[in-house]
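Here's a quick briefing to read with the model open in your viewer. Take the topics in order and click along as you go.

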2 protein chains.
Amino acid sequence: MGENDANKITLIPLGGLGEIGKNMLVVRYGGSILVIDCGLIFPEDEMLGIDVVIPDISYLLENRHLVKGIIVTHGHEDHIGALPYVLKELNVPVYGTKLTLGLLQDKLKESDLHRNVKLNRIKPRDVLNIGPFTVEFFRVSHSIPDAVGLAIHTPIGTIVHTSDFKFDQTPVDGEVTDFYKLTELGEKGVLVLLSDSTNAERPGYTMSEKVVGNTFEEAFRLAKERIIVASFASNIHRIQQVISTAYKYGRKVAVAGRSMANVMSVAAELGYLTIPEKTLVDLDEIVNLPKHRVVILATGSQGEPMSALTRMAMADHRRVEIVPGDTVIISATPIPGNEKMVARTIDHLFKQGADVIYESISGVHVSGHASQEELKMMINLVKPRFFIPVHGEYRMLIKHARLAEELGIPRQNIFVVENGQVLEFTRRRGCIAGRVTAGRVLVDGLGVGDVGNIVLRDRKQLSQDGILIVVLTLNKDTGAVIAGPDIVSRGFVYVRESEALLEEAKIRVSEALQHCEEKKITDWSTIKSNVRDTLGKFLYEKTRRRPMILPIIMEV
Amino acid sequence: MGENDANKITLIPLGGLGEIGKNMLVVRYGGSILVIDCGLIFPEDEMLGIDVVIPDISYLLENRHLVKGIIVTHGHEDHIGALPYVLKELNVPVYGTKLTLGLLQDKLKESDLHRNVKLNRIKPRDVLNIGPFTVEFFRVSHSIPDAVGLAIHTPIGTIVHTSDFKFDQTPVDGEVTDFYKLTELGEKGVLVLLSDSTNAERPGYTMSEKVVGNTFEEAFRLAKERIIVASFASNIHRIQQVISTAYKYGRKVAVAGRSMANVMSVAAELGYLTIPEKTLVDLDEIVNLPKHRVVILATGSQGEPMSALTRMAMADHRRVEIVPGDTVIISATPIPGNEKMVARTIDHLFKQGADVIYESISGVHVSGHASQEELKMMINLVKPRFFIPVHGEYRMLIKHARLAEELGIPRQNIFVVENGQVLEFTRRRGCIAGRVTAGRVLVDGLGVGDVGNIVLRDRKQLSQDGILIVVLTLNKDTGAVIAGPDIVSRGFVYVRESEALLEEAKIRVSEALQHCEEKKITDWSTIKSNVRDTLGKFLYEKTRRRPMILPIIMEV
């Protein structure tokens, strides 16, 4: 990328393609870089012990002097969650709406970064110049308030990024997607549209958030005793509906779960949540209220082991005990991978005697993402020359691309790409022009990127069949075994019941060592591999298991 | 249970309640026990390294002289899969239909049990006397042929067990559920009905297997090149439909995957699968055929890592490479817990250029279990006095119980129970009368039941943050450290990048040891716990991780 930089726009997704999460898009023009979103993703099952996963930002670090800022489109973890890590490496201005920055601020405080980062508040319809980019924000509906999409105007053309969106005709806060701005952009001409693919497999339209409110109404009307509602902490519209319905039916609301309390306090403070006076009560106060006057808003809609609802279900919550007569509403859909945990929570709630209202049997949740007809409408509103489906697993991107094709966008103008692929656009043409480093950086505790394939492979093996450690002490001069071999195992067999097996294992190891001594083998790595092979074979024969075998030699 | 044995029937579920899998029901009357089904269940995520889980049969072993036999209702793993383990402990006659025994025989061969077990073939409408029980079998529709339910006649009354069923009005083999027998039982009077709850959350009717055939027709008609169909090996009706459709469209069928080939050969040999001559070809032969003349039937509909379809998707199959133009049909629904693996397989297939037809976007699968309207019909046909929902997770049992209540069965005549609960029925009354040992026995390799909570807890800890082993050698007489401490870690950090950390850790351990020496602490367990605490605290501070810490002391 050199002299012709002024004739092209470069787009590079660093996250969010081929996955739902860790969204991050690089927009580069004329020696300047703008980054859109900076999210995290939760680890895959095989990433044992990993807390979160963030995008690999090598490309940004290599071009750090070009980066003008990071725009975050809304306050979900998959859009802002990597900032506490990324801003440590790359301290650039951050742009976002009021609520988004409010939620971000909370995170940055935890990482002790809030004093050093420049946060720039924007609002829908703002027009901002950042380097050579003129950025225009437009409101979209989503499952969190204050979400925006954006148009980036450059001399080459306009890039429109929907971010996550749906077309909710009756949003809870009354703030409808900015149809005028979208059509205006369409009329003036859009070079590239990047659009949310999360629900590209779903036909029809996504229902309005108001539908959930109606279900709440019905459930609140019927419930005779306590009501417990679990939802995503960040779904402030949903929380608003719980509070409004509670107020209507004369119930007080108590909050269980730290993240729920945090988000609610930020949202209320910034004016995104209206809580009628005296509606909120402390969780400890509910025992003093009649049961039909109580609603508990709880975290744990995903069956997360340490969350409020899960603890209640397991009869392990310090302050709330589920009793027959309780109505529990799980107002969320299980995120892929959480299905079994959610099902287990529901089962335990039933066992405690609660009645449980959950998604697969009633309308207590709607998605925050556009379905096929809305996706088509977005394309028809914006009328882009080029189309890039983003925010989705690969099959969703493919499906979204096919929808665009149905609407008449020529196949060669649609780009289904992967993270790290470089897309270049001139006024007339678009092409894939190479690849930069992109991938996932694993965060484990304080370690960012220090757990890689070798560590994960070891954890996997340890998790399957445990470990056997063989220790022995050799005489420094003669090489003779003077202590051991001792065998210690963890996660392999229940030792007390398998003493004979471990005794025999020790004999096999001794034989292997004797064999080494006879053959005058003194090289430690050969001795170790002899021990490993002998013991491995023996244990597999006896147990059909392959524990990790770790010989340790000391000498005195 | 003593003198009054002749006045009551005892039912004890040992598996299949509160879970989908490891079905096993004990029926006891007058000093005789009959067992219905003997299935396995696949391990939960947290059962690290476990292969399968089987019911705890302590109760049967304690009463082994009373057990007259085990009836298996069909050939699915959750009904016959525990037999290879159970028959080793309890060699009693087994009763089942031709196909069920054919599939079982195959399993017993692997366990070298087939010569010692007495298999008794029964067929629908057979009436059999086993001890004091008169057992009558009736045909039901399910996702495997030759499935039966049964009525057990005793002097106290008749117990009807539906086993897994649906009401398919157009089954592929033409063998409709035996409505006459069910209504006849209902007319004569049924004391207890136990019925399949798997789909109790689903409204309406389950669609006929024929619907999938229609989808195949459409897909086969449209496919221009190769077709690859993945399905459950045991779904012989489904396989029949693939073969029939292939034959109709002039395609040959090749099989990829050992379990698929095994089941097909058993089913074809026993007459449950009709394969037109020259339709089946070897997988190696397909390269010699034009692409539009090929169908590949593959295992892997659940995204299982080592299965044929998954290997193809990962470009890792020895004989089949996915190429653009291929149509892949995943004719199954992901079993809860497998959603992400299936999604990943679909994504990879798309990336290889295939077109993929899968459940969430089209009708390539129907369930083998009755939905709510069919469940209601079953109750209306059989008209039992008492009702026990079985085969389902707790919320499904609850839902099924509510359906029964809607139909007029009094609440006190409906029993939602857990594995191990003892139900006693006289002609007029039923009650819960205690509890026997029931639970899960974990199978890991050759070990049955030798992996318990301690081992699993260790595996869990190992999987999250790995292990640090601290070895040192002490002088036998003085107690002084004469070698070490050495630290070896696995699954904790990438050692090469964390040398400094591990060096510092060693210093901390040395300090702790010195402290022990100064305090004249010679007790090994105190020394070890000092090392563990010091190192644990240090590592948590530095990394926020809690690896297992294992001090090992040797002395010379």
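This is a predicted model: local features need pLDDT of at least 70, side-chain atom pairs count only at pLDDT 80 or more; totals for chains, interfaces and linings use all residues.

**N23(A) and its surroundings**

- N23(A) has a relative accessible area of 2%, so it counts as buried.
- Its side chain makes a polar contact of 3.2 Å with the side chain of H79(A).
- H79(A) also turns up among the contacts of H74(A), which brings us to the histidine site.

**The histidine site**

- H74(A) belongs to the loop between β5 (67–71) and α2 (77–80) of chain A.
- With 0% relative accessibility, H74(A) is buried.
- Leaving out neighbours within four places in sequence, H74(A) is in contact with H79(A), I80(A), T100(A), H142(A), I144(A), A147(A), S163(A) and D164(A).
- H142(A) comes from another loop, the one between β9 (133–139) and β10 (148–154) of chain A.
- H142(A) is buried too, at 5% relative accessibility.
- Residues up to four places away aside, H142(A) touches H74(A), H76(A), A147(A), D164(A), F165(A), H237(A), G368(A) and H369(A).
- The side chains of H142(A) and H76(A) are joined by a polar contact of 3.3 Å.

**The other annotated binding site**

- UniProt (unreviewed entry) also lists A233(A), S234(A), N235(A), H365(A), V366(A), S367(A), G368(A) and H369(A) under "binding site".
- G368(A) and H369(A) are among the residues that H142(A) touches, which links this list to the histidine one.
- S234(A) is in the loop between β13 (227–230) and α7 (236–248) of chain A.
- Beyond four places in sequence, S234(A) has H76(A), S143(A), I144(A) and V263(A) as contacts.
- Its side chain makes a polar contact with the side chain of H76(A), at 3.4 Å.
- N235(A) is likewise found in the loop between β13 and α7.
- At 3% relative accessibility, N235(A) is buried.
- N235(A) is in contact with S143(A) and E209(A), leaving aside neighbours within four places.

- An unreviewed UniProt entry labels residues 21–216 of chain A "domain: Metallo-beta-lactamase".
- That span is 24% helix and 29% strand, and its end C-alpha atoms lie 29 Å apart.
- D178(A) lies in the loop between β11 (157–161) and α5 (179–188) of chain A.
- D178(A) is buried, with 10% relative accessible area.
- Not counting residues up to four places away, D178(A) touches R125(A), F138(A) and R139(A).
- A polar contact of 2.7 Å connects the side chains of D178(A) and R125(A).
- Between the C-alpha atoms of D178(A) and S197(A), 19 residues apart along the chain, the separation is 19 Å.

**Nonpolar cores**

- In soluble globular proteins, nonpolar side chains tend to be buried together.
- Here the largest nonpolar core has 65 residues, with L60(B), L83(B), F220(B), V229(B), L297(B) and I329(B) having the most contacts inside it.
- It draws at least three residues from each of domain 1 (9–204 + 367–448) and domain 2 (210–358) of chain B.
- A second, separate core has 64 residues, including L14(A), V72(A), F216(A) and A267(A).
- I329(B) touches F216(B), A219(B), F220(B), I227(B), I228(B), V229(B), A230(B), I357(B) and V364(B), leaving out residues up to four places away.

**How the chains pair up**

- Chain A superposes on chain B by a rotation of 180 degrees with 0.0 Å of shift along the axis, at an RMSD of 0.1 Å.
- That is the relation of a two-fold axis.
- In chain A, S463(A) comes closest to the rotation axis, its C-alpha being 2.4 Å away.
- The copies meet through the same surface, because 100% of the interface residues of chain A are also interface residues in chain B.

Terms used: Residues are numbered from 1 along each chain as its sequence is written. Chains are lettered from A and ligands numbered from 1 in the order in which they are written. Side-chain values use heavy atoms; hydrogens and water are left out. Helices (H or I, at least four residues) and strands (E, at least two) are DSSP runs, numbered from the N terminus. Buried means under 20% relative accessible area, exposed over 50%, partly exposed in between (1.4 Å probe, protein chains only). Contact means heavy atoms within 4.5 Å. A polar contact is a pair of N or O atoms within 3.5 Å; within protein, one must be able to donate a hydrogen and the other to accept it, and residues adjacent in sequence count only if both atoms are side-chain atoms. A nonpolar core is a set of buried Ala, Val, Leu, Ile, Met, Phe, Trp, Tyr and Cys residues joined through side-chain atoms within 4.5 Å. Domain bounds come from an automatic or database domain assignment. Copies are superposed by least squares on the C-alpha atoms of residues with pLDDT of at least 70 in both. UniProt positions are given in the numbering used here, feature names are shortened, and annotations may be inferred rather than shown by experiment.
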